Amino acid sequence: MALKGLDIFKMTPKTNCKECGSPTCMAFAMKVAQGAVDISKCPHMSEDALATLSEATAPPMKTIKVGTGDAEYSLGGETVLARHEKTFVSKTRFAVNVTPDMDVEAALAESSKVDYDRIGERMHAEMVYVEYTGDAAAYTEAVKKASGKGKVLILGCKDVEAAKAALEVCKAEKPILNGADASNYAEMVEVAKAADVVLGVSGASLDELYDTTAAIEKLGYKNLVLDTTGATVKETFANTVQIRRACLAKNPDRTCGYPSIVNLSKLAAGDENMQIALASVFVLKYGSIVVLDKMDYATALPLFGLRQNVFTDPQKPMKVEPGIYPINGGDENSLVLTTVDFALTYFVVSGELERSGMPCNLVISDAGGLSVLTAWAAGKLSSTSIATFIQENVEPKIKCRKLVIPGKVAVLKGDLEAKLPGWQIIVAPNEAVQLVKFLKDLKANGEI
Ligand code: SF4
């Protein structure tokens with residue numbers, strides 16, 4: 001059960017020494033109870049109190065790290081059931097399923113063709129699920145072929161000896177060993193402990209999954225993910241949702257506090273359209289890892305778009321970095337256009353500029369991540385903010401002295417002419433879609 005501030009305060013040294021950054025031990029205890037500060041910030045807590053409080057104040061759902069280097073990902077760590085309550089923390093990761101009887105390298109090369117950026121985020125299948133089919137030597141070979149490709153491996157293997165051999169090949173990459181169930185969990189815990197990897201737990205029913213997880217925790221291993229895949233779509237959905245609800249309930253059940261794996265290659269084998277439909281359900285409803293037969297653009301475009309929408313923080317505006325963005329090979333002599341740093345505005349305007357085929361420089365200043373009119377109304381986009389950014393960042397690099405401003409803030413033209421001597425200020429149309437014709441007309445009239 002979550003501890004209240006007063007319970008935590010009773011265990012503090014009550015010296016009000018302020019070393020934790022809070023003015024009093026009571027203030028510190030309140031912050032710990034809200035989850036705003038970690039209990040370890042107090043250097044004077046006794047070991048007993050620390051052990052009790054660390055467990056009791058730990059987040060209800062564990063954050064589990066998998067992979068290494070650029071391919072290291074966090075799973076779980078969620079604190080709310082619905083994104084609008086606060087935010088989701090760790091986005092769903094997609095895995096491509098391979099088996100030893102496939103041409104593993106060719107399959108992975110095909111799936112790796114999907115690798116692109118969308119609003120500053122890399123979109124690709126981050127993981128590979130290698131499924132065991134009964135032949136240990138062939139399995140190790142398949143794992144060898146899948147390793148070293150910058151993807152997190154998930155070993156779907158319940159055979160203890162085969163899992164050990166496969167881990168010898170890839171344990172340095174910190175894979176997930178998805179192999180524990182009621183029949184083998186004690187041995188699998190030893191294998192996972194020895195290789196220091198995350199252990200995946202599954203069960204024939206939700207009760208069995210829960211009991212096996214509890215038994216593994218009793219053995220002292222808590223580096224786990226729960227495979228919630230059931231025999232049917234209905235059962236899988238119920239398992240995944242009930243586990244998340246239980247761990248984020250008012251009185252959280254920490255045995256359920258782990259990320260989940262949903263294996264759609266099992267649930268809808270060979271049915272690509274059904275897998276895409278189900279993947280979209282489990283992006284929304286608590287799949288930490290979703291396993292698919294393959295990743296192609298038909299799969300990626302809807303799923304990655306959905307994931308990006310769900311896993312952005314609704315409290316933070318989506319922004320692009322302020323700076324000068326050359327478009328169509330724009331150089332120091334090319335026309336300068338400016339707009340705000342709201343990501344949607346940036347991508348709409350830059351897309352139209354690309355479409356125009358005209359070399360130019362799109363200048364983005366800090367407007368608080370707001371759209372043009374909102375930023376102007378909030379005082380974040382003004383003649384002063386634009387002029388200062390142009391003088392400090394653009395004038396030293398760009399020779400062209402023609403600046404196109406958004407049509408919706410045409411009112412800034414006079415002020416900008418006064419603040420930017422030597423610059424010709426041109427007002428763009430109100431809508432980005434009109435930019436192509438607008439630029440063509442400017443060129444035809446010899447204005448640029
Ligand atoms: S560091 Fe510890 S003892 Fe000092 S004020 Fe903070 S909680 Fe109290």
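This is a tour of a predicted model, one selection at a time.

**Domains**

Start by colouring the chain by its assigned domains: domain 1 covers 5–45, domain 2 covers 63–310 and domain 3 covers 323–444. The C-alpha centres of domain 1 and domain 3 are 50 Å apart.

**The ligand**

Select the ligand next, then the residues around it. There are 13 of them, and the closest are Cys 17, Cys 20, Cys 25, Phe 28 and Cys 42. By type, the shell consists of six nonpolar, five polar and two charged residues.

**Lys 18**

Now pick Lys 18, in the loop between helix H1 (5–11) and helix H2 (25–34). Its phi is near 75°, a positive value in a residue that is not glycine. Most residues other than glycine have a negative phi. Is Lys 18 buried or exposed? Lys 18 is exposed, because 12 other C-beta atoms lie within 10 Å and the limit for "exposed" is 12 or fewer.

**The largest nonpolar core**

Move on to the largest nonpolar core, which has 73 residues. The members that touch the most others are Ala 95, Val 128, Val 143, Leu 155, Ala 166, Leu 177 and Val 290. Select Val 143 and show what surrounds it. Leaving out residues up to four places away in sequence, Val 143 touches Val 130, Leu 153, Leu 155, Ala 166, Val 169 and Cys 170. A separate, second core has 37 residues, among them Val 349, Val 394, Leu 416 and Ile 425. In soluble globular proteins, nonpolar side chains tend to be buried together.

**Strand S12**

Select residues 289–292, which form strand S12.

Strand S3 (residues 93–98) runs parallel to S12 and is joined to it by four bridges; here Phe 94 stands opposite Val 290. Strand S11 (residues 260–263) also pairs with S12 in the parallel sense, over three bridges. In that pairing, Asn 263 has Val 291 as its bridge partner.

**Tyr 286**

Finish at Tyr 286, in the loop between helix H11 (272–284) and S12. Tyr 286 is not a glycine, yet its phi is positive, at about 75°. Is this residue, Tyr 286, buried or exposed? Tyr 286 is buried, because 25 other C-beta atoms lie within 10 Å and 20 or more is the limit for "buried". Lys 18, by contrast, is exposed.

Key. Residues are numbered from 1 along each chain as its sequence is written. This is a predicted model: local features need pLDDT of at least 70, side-chain atom pairs count only at pLDDT 80 or more; totals for chains, interfaces and linings use all residues. A residue is near a molecule or strand if its C-beta atom, placed from the backbone, lies within 6 Å of it. Ala, Val, Leu, Ile, Met, Phe, Trp, Tyr, Cys and Pro count as nonpolar, Asp, Glu, Lys and Arg as charged, and the others, Gly among them, as polar. Domain bounds come from an automatic or database domain assignment. A nonpolar core is a set of buried Ala, Val, Leu, Ile, Met, Phe, Trp, Tyr and Cys residues joined through C-beta atoms within 7 Å. Two residues are in contact if their C-beta atoms, placed from the backbone, lie within 7 Å. Helices (H or I, at least four residues) and strands (E, at least two) are DSSP runs, numbered from the N terminus. Two strands pair if DSSP finds at least two bridges between them.
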